[in-house]
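Q: Can we go through how this model is packed, starting with a pair of helices?
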Amino acid sequence: MTATVCRFEPSLIFEWGTNIGKSARIFYEISKHFHIRTAIHTCDLPDDVDHVEHPHAQRGAMVRGLAGVSLHQGDGLTTSLSLWEAAGRPKRPLFFLDGDHSYASVRREIDGILAVVPDPVLLLHDTFFQSSESGYNVGPRRAVEETLAAGPGRFDVVHSGLSLPGMSLLYPAQRMES
């Protein structure tokens, strides 16, 4: 997470599945420490949606009230794309995908971002590849691999899958100037 923020210095960071705000707090501390001006937008489910990981009153407790961190409720993808549009469509926004980890959900999120944002930086959580026999959800990794196969050359990728949960970074390919 640190390397991604330091390398790309995104003016906007979007993440959803806020829960108590651990990821948003990490992004906040990174940007503060390295003096990177960024706005962090974190989104979680509305209060009336029932979900096993819904934090209710604890939503965003680790980032509530911090300058530069905005809490939102709603669909993370839809909310984030609206905020990106309202901000003037800045280059290379960072999207941290750590939602429900299902293949369909992660694929929907990646496809939704790629349909609108020409140069996103995508950091996906829980992409450690394991066999289906392991019982570990391979959905996020499968969604990443299909995205890369569908657009060869569009992204450079770094997988940090040394252990669970693993992360994958997809960023606009660095093309050689001729």
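Q: Which way does H4 pass H5, left-handed or right-handed?
A: In this predicted model H4 passes H5 in a right-handed crossing, where right-handed means that the near helix is turned clockwise from the far one by less than a right angle. Helices are DSSP runs of H or I with at least four residues, strands are E runs of at least two, and both are numbered from the N terminus.

Q: At what angle do H4 and H5 pack?
A: The angle is about 35 degrees and the axes lie 8 Å apart, with axes fitted to C-alpha atoms over the stretch in contact and angles running from 0 to 180 degrees between N-to-C directions.

Q: Which residues in H4 meet H5?
A: Tyr103, Val106, Arg107, Ile110 and Leu114 do, and their partners in H5 include Ala143 and Val144, contact being heavy atoms within 4.5 Å.

Q: New topic: how many residues has the largest nonpolar core?
A: It has 21 residues, and Ile110 and Ile113 are among those with the most contacts inside it. Such a core joins buried Ala, Val, Leu, Ile, Met, Phe, Trp, Tyr and Cys through side-chain atoms within 4.5 Å, buried being under 20% relative accessible area with a 1.4 Å probe and protein chains only.

Q: Which helix gives the most to this core?
A: H4 does, with four residues.

Q: What limits apply?
A: Residues are numbered from 1 along each chain as its sequence is written. Local features need pLDDT of at least 70, side-chain atom pairs count only at pLDDT 80 or more, totals for chains, interfaces and linings use all residues, and side-chain values use heavy atoms, without hydrogens or water.

Key:
Buried < 20%, exposed > 50% of the residue type's maximum accessible area, 1.4 Å probe, protein only.
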